[in-house]
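Welcome, and please open the model in your viewer. We will walk through it one selection at a time.

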Amino acid sequence: MNAPLLSVRDLSLWYGRAQALFGLVFDVMPGEVLVLAGRNGAGKTSTLRAIMGLVPRVSGEIVYAGRPIRGMAPHAIARLGVGYVPEDRRIFTELTVAENLEAGRKPAPVGSPIRPWTIERIHTLFPKLAELSDRPGGALSGGEQQMLTLARTLMGNPQLLLLDEPSEGLAPLVVERIAETVRELKREGLTILLSEQNARFTEAVADRVLWLERGVLQNLIDNDTTDKNEKNR
Amino acid sequence: MQDAGGLKGKLAGRNRRPAMRLDMLRSAMSAFLIQSLNGLASAASLFLVAAGLTLIFGVTRIVNFAHGSFYMLGVYIAWTVAEGVSGAGGFWAGLAAAALVAALVGVTVETLILRRIYQAPELLQLTATFALVLILKDVALAVWGPEDRLGPRAPGVLGGAVEFGGRAFPVWDLCLIAIGVAMLGLLTWLTRRTRFGLLVRAATEDREMAAALGVNERWLFTGVFALGSALAGLAGALQMPREPASLALDLALIADVFVVVVIGGLGSIPGAFVAAVLVSLVKAWCIALGQVSVGALSLDLTKLTLVAEFLVMAAVLLVRPNGLFGRPLRHVPVDREALYEPRPAPSARVLTGLAVALAAVTVLPVVLDDYSAVLATDMAVAALFATSLAFIIGPGGMGSFGHAAYFGLGAYGAALAAQAGWSFGAALAAGLALAALAAVLFGALSVRLSGTYMAMLTLAFAQIVWSVVFQWDAVTGGSNGLTGVWPPEALSDRNRFYLFALALCAAGVLLLAWLNLTPFGHALRAVRDARVKAEAIGLPATRFTWAAFTVGGTLAGLAGAVYAFSKGSISPDVLAIPRSVDALVMVLLGGLNTLFGPVFGAVLFTWLADGLARTTEYWRASLGIVILAVVLSAPRGIMGTWGAWRARRARRAAREGDMPGGGR
């Protein structure tokens with residue numbers, strides 16, 4: 001078996017004095033789509049934000065492509081090839097669609113196996129965005145924003161994509177379209193860790209599923225770590 | 001700038017012959033035109049400084065008090081270069097050097113200090129940048145001395161004048177107008193058409209997201225800071241032919257710039273331009289109309305100039321709470337716990353401790369000489385002043401940057417009443433009432449706003465009050481202030497007056513402490529910590545915060561009233577910006593975390609300020625360094641840091657007791 005692209009060990013996280021994650025342990029293998037499933041407030045978003053370096057109080061180990069990244073600045077983590085697509089999309093509403101894409105543009109890290117993304121390739125993947133190029137980001141529909149936020153992150157040529165609830169609040173037809181896109185990105189060679197509540201969407205894209213409940217991983221692939229999770233409860 | 005405009009207005013209005021009506025009308029029109037042009041010339045520099053401030057704010061969310069100091073440095077540096085290098089070359093080199101040096105100072109400040117407080121609550125940031133104002137002022141004092149420095153005129157044709165309707169108008173002022181417009185174009189191009197500008201706009205809207213996309217915040221912040229500081233330095237250098245370099249430029253300008261930035265909308269460059277033009281024209285017209293028309297009314301209009309811009313700002317904010325071109329600010333995660341730890345109300349045990357401490361300081365007069373009694377009185381007054389502000393910041397969760405207004409109104413109310421022959425008690429009550437009235441009025445407007453906007457609006461209100469007091473010679477004595485405010489015979493002894501001041505101030509502090517324990521205090525903290533939830537269970541949030549603001553303002557007024565009688569005379573200084581900052585520093589020094597914090601901070605600050613003022617010419621810079629040290633190393637204040645350390649130790653001890661090696 002290959003070395004994991006992302007390896008999370010004993011990840012705990014606090015907001016003030018309230019602990020939100022309890023000793024998470026999991027690996028993301030290169031090229032797979034791993035779904036982090038769980039209810040609202042289970043800690044899915046917190047997990048992704050912690051990996052991205054967006055939460056200050058985190059303990060444990062996060063290793064990406066052999067490099068420990070916990071404590072690194074978000075932009076440095078992004079430059080190593082980790083792309084983050086937030087749950088609430090966070091389009092730059094004052095910037096046009098084209099400018100949003102430009103804001104996300106950065107070269108691929110050296111040695112990345114992913115074919116570099118260009119505006120043209122993005123437009124092939126999301127033809128709709130080509131039409132909307134000069135529209136302010138704030139004037140897009142929810143589905144269009146979801147495409148844009150994904151496209152914006154792709155412009156940074158990530159190797160690992162962190163997708164936070166991509167189906168949330170979207171019409172079933174759009175959800176299907178997003179699922180199709182996720183499969184396409186997987187074919188491109190991207191590794192994807194996504195959080196999801198939607199069972200059908202999960203089924204459509206997942207290679208593996210982890211179940212998160214109240215900050216604790218319930219369904220572990222690595223059996224030897226179960227004890228650890230119990231102990232840290 | 002103000003005086004220069006007034007002077008030009010007077011020059012322009014001279015030579016009026018009581019001849020034909022048409023002549024007079026034409027004369028009035030050209031005077032109006034000249035004043036308008038003069039206003040536009042002032043707008044150029046104002047815009048440059050405001051554009052820098054707004055760019056920096058947009059990306060870093062720091063309102064940089066020291067931006068006016070960069071401007072001041074710009075004037076001085078341009079003057080130095082122009083003096084050293086003769087001819088036109090020196091003038092132009094001065095402009096370049098001013099921009100460059102200001103950029104360097106800005107970058108140094110950003111990397112050494114501000115970078116550490118980007119996550120801190122805005123009051124902490126404002127206070128830190130005010131410390132920089134103090135330090136830079138003393139640097140300028142050390143390098144250039146206390147005298148004003150008048151620079152050369154612009155070289156060649158640019159130093160001349162042109163005629164408009166028979167009146168001379170400086171060519172350089174026309175240049176300034178052109179430069180202002182050109183800079184708007186340049187900055188628009190920079191922000192709209194370059195990748196740097198794109199990233200600035202992206203980070204202005206959502207800096208966390210920009211970082212997650214790989215944008216290096218540090219470089220972006222430093223870059224923006226360099227640009228913004230350079231603009232301020234350049235603006236100062238451009239003003240050199242119009243006004244002398246002086247140590248008072250920094251605060252005089254920064255208040256104007258705050259107003260412009262708030263009117264335009266924080267973060268908006270076109271907004272800064274429109275607002276700079278608007279404010280400058282309103283001021284210019286006040287002068288023009290005051291000069292043209294004859295009679296008692298004209299005086300009022302020219303005197304309105306200081307207040308006019310703040311009135312414009314208040315009007316704009318009432319209609320558009322985010323300024324003309326501003327958007328609602330995306331919430332930037334702020335580490336509130338840096339300032340205080342949310343926790344339950346203080347216990348009765350703490351109150352008992354306070355009472356014991358009080359009893360101890362009551363016996364002080366036995367051992368005090370006159371000087372120490374005066375200092376002790378100052379400490380008591382400061383303690384109430386600081387605690388009243390802490391009530392607004394702590395349980396109230398708001399930020400007031402103009403708390404001196406209420407302190408000063410209390411002082412002036414009491415002094416005026418005393419001069420009108422009111423009895424001692426009635427005069428104190430009058431001061432209290434005046435402060436309460438102002439707090440009710442200003443509070444109604446400002447408690448609706450959040451964070452930075454509230455801090456700036458409260459500052460603006462304080463400036464209005466200050467300028468009214470400063471200019472209303474007939475009533476307030478203008479810059480001379482009021483004298484002969486003495487307590488009755490029975491309290492004329494310093495020690496006795498100290499006891500009296502102590503009793504009143506302690507009562508005020510205890511009242512504030514007790515309010516924390518009442519249902520009102522509980523509701524207030526609920527509103528602070530979870531406003532939406534508090535409103536959902538039926539608590540009228542705005543009414544509570546308004547009440548808290550009023551209580552804080554009123555008790556600051558009590559402190560002010562006592563202060564007036566302790567000094568015997570007062571001047572507009574009692575309600576100027578530095579005094580507001582003093583209160584903030586006392587609060588931060590002691591910390592908001594404990595009940596004793598602000599009292600402790602006030603005592604320490606008063607002692608420190610007294611000692612510094614007596615030992616060094618550079619007491620401002622020394623004070624600034626102390627402030628920076630507190631903000632950077634112990635943002636929870638001395639008491640708060642001590643408390644947190646004790647709590648950590650207790651927790652560790654408890655953990656080691658039952659669970660070896662666990663936890664974080």
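Here is the tour, with a word on conventions to begin.

This is a predicted model, in which local features need pLDDT of at least 70 and side-chain atom pairs count only at pLDDT 80 or more, while totals for chains, interfaces and linings use all residues. Residues are numbered from 1 along each chain as its sequence is written, and chains are lettered from A, with ligands numbered from 1, in the order in which they are written.

Stop 1: Strands here are DSSP runs of E of at least two residues, helices are runs of H or I of at least four, and both are numbered from the N terminus; strands pair if DSSP finds at least two bridges between them. A:Trp14 sits opposite A:Gln19 of E2(A). Between the strands lie 2 residues, and A:Gly16 in this hairpin has a positive phi near 60°. In E2(A), 8 of the 11 residues are buried (20 or more other C-beta atoms within 10 Å of a residue's own, with C-beta atoms placed from the backbone).

**Stop 2: where the chains meet.** Now show both chains: 23 residues of chain A and 18 residues of chain B form the contact (C-beta atoms, placed from the backbone, within 7 Å). On the chain A side, helices H2 (74-79), H3 (97-104) and H6 (142-154) each give two or more residues.

**Stop 3: two domains of chain B.** Colour domain 1 (2-319) and domain 2 (345-576) of chain B; such bounds come from an automatic or database domain assignment. Their centres, taken over C-alpha atoms, are 34 Å apart. Each of the two domains brings 17 residues to their contact. On the domain 1 side, H13(B) gives the most, with 7 residues.

How values were computed. A residue is buried if 20 or more other C-beta atoms lie within 10 Å of its own, exposed if 12 or fewer, and partly exposed in between; C-beta atoms are placed from the backbone.
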